[in-house]
Each structure stands twice: as C-alpha cells, then as structure tokens.
Amino acid sequence: MSVTVGVIGLGAMGSAIAIRLTQAGFDVIGIDLFDRNMAELEDHGGRRAASPRAMAEEADFILTSLPSAEAFHDVTTGQSGVAAAGRSGIVVIDTCTLAIDDKAEAARRLEDSDITLLDCTVSGSRATCLAGDLATFASGDKAAFERSADVFAAFANPLHWMGEFGNASRIKYVLNYLVCINNAASAEALAYATK
C-alpha cells in the first residue's frame, strides 16, 4: 500500500519536493494558490486536495513550504487547516523559514489534536532539490522524525538531525547570515576592483 504525503505550498521549492516524492513512489496530494503549480503536480502524477483539512483526512505526512507566518498558521490550525480534520497521528514537516515562536505556537496547538510538527529547514535551490541533493535540517520529536525517514529520503541529501525543536530554524538563520555576509563581501570586492 502506497503512503500518502501532502504538500502545502507548491512554489519553487515545494513543487520540487513534491516531484521528488512522486518519483519515489509516494501518493502525493498538493495545494497551492496558483493553478499552474497544481497542474505541474498533476503532470508528475500528483493529485489536488481541496483544502488542508481535506488533505489531512488522508495523508499521514504533510509537508509545508509557505511564504509567511500567516499562511503557515492558516493551513495548520486555521478553520480549514490540518488540525480541523480531527485525525490523529499525522506528522507535519514544516520547511518554512519563520520565527521559532510561530512554529512553537503551531506545534502546541497541533499537539492538542495529537499531530506532531517537526521544525525542518532546507538550504539549496530548486535544481539541487530536483537532483535529490537538498541539504535538510530537522528538529523536534525524534520518534516522528524516524517515522518520516522514507519521506525525507526522497529529497533530503544530506539530512541533518539537529535535536530539540527549533534547532533546525536556528541553523538556517546562521546560514542566511553567512549568505548575506558573503554577498556583501563580494559586492565590496567587486566595487573595489572596478575602482
């Protein structure tokens, strides 16, 4: 029996992860605001879900890749969100770069519905993800992480276990700072070279 994985947010990264999941043999259902992104998922063998709640009624794993805290809270604990399905045992793998407080709040609210939220972040591009080489950091409940091993294996390489909830976000903040520092240094060097 195939395992169903939901993906909420089919932008550049979310769609690449969804494609990798379909290629790995998962039954993938997705949601996105843009029809073209939903159509791309269908072109790769995925299916559309009517809402996060409808997705949670059949998926055992749900991955989120969203642009804002507002969207994240809406799809996890909103009126038509994952928690509203009333189905226990789901593991939500959140790959958004958000404030830890937002993730922790959602984790507490989901826990009331016996749903586990993992704080996971990614570092790379759509191309590296499609190649199966997306650096991924995971933190939170160790048992839920281990249950999700096959899901992560579809797109994460390397995969780093970071321990307590929030640590994956913390390492992503550090990586983002390094990118900014490197960009600033490169710009200064090029400006100096031009002069």
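Mentor: A salt bridge here is a side-chain nitrogen of Lys or Arg within 4 Å of a carboxyl oxygen of Asp or Glu. Keep in mind that the model is predicted. The structure holds eleven salt bridges.

Start with the network. Salt bridges link Asp27, Arg47 and Glu58. Within this network, aspartate 27 bridges to arginine 47, with the closest N and O atoms 2.8 Å apart. Aspartate 27 sits in strand S2 (residues 27-31) and arginine 47 in strand S3, 20 residues apart, so the pair links distant parts of the chain. Arginine 47 is partly exposed, because its relative accessibility is 31%.

Now the strands. The sheet is open and has eight strands in the order S3-S2-S1-S4-S5-S6-S7-S8, with mixed pairing. Strand S3 (47-48) stands at an edge with a single partner strand, so one side of S3 is left without a neighbour in the sheet. Strand S8 (156-161) stands at an edge too.

Next, a helix-to-helix pair. Arginine 126 and glutamate 40 meet through their side chains at 2.8 Å, N to O. Arginine 126 lies in helix H6 (residues 126-130) and glutamate 40 in helix H2 (residues 35-43), so the bridge ties together parts 86 residues apart in sequence. Arginine 126 is partly exposed at 27%. Glutamate 40 is partly exposed at 23%.

One more pair: glutamate 57 and arginine 53 form a salt bridge at 3.9 Å, N to O. Glutamate 57 is partly exposed, with a relative accessible area of 48%. Arginine 53 is partly exposed as well, at 37%.

Conventions: Residues numbered from 1 in each chain as written. Predicted model: local features only at pLDDT ≥ 70, side-chain atom pairs only at ≥ 80, totals over all residues. Heavy atoms only, no water. Pairing = 2+ DSSP bridges. Helix = DSSP H or I, 4+ residues; strand = E, 2+ residues; numbered from the N terminus. Buried < 20%, exposed > 50% of the residue type's maximum accessible area, 1.4 Å probe, protein only.
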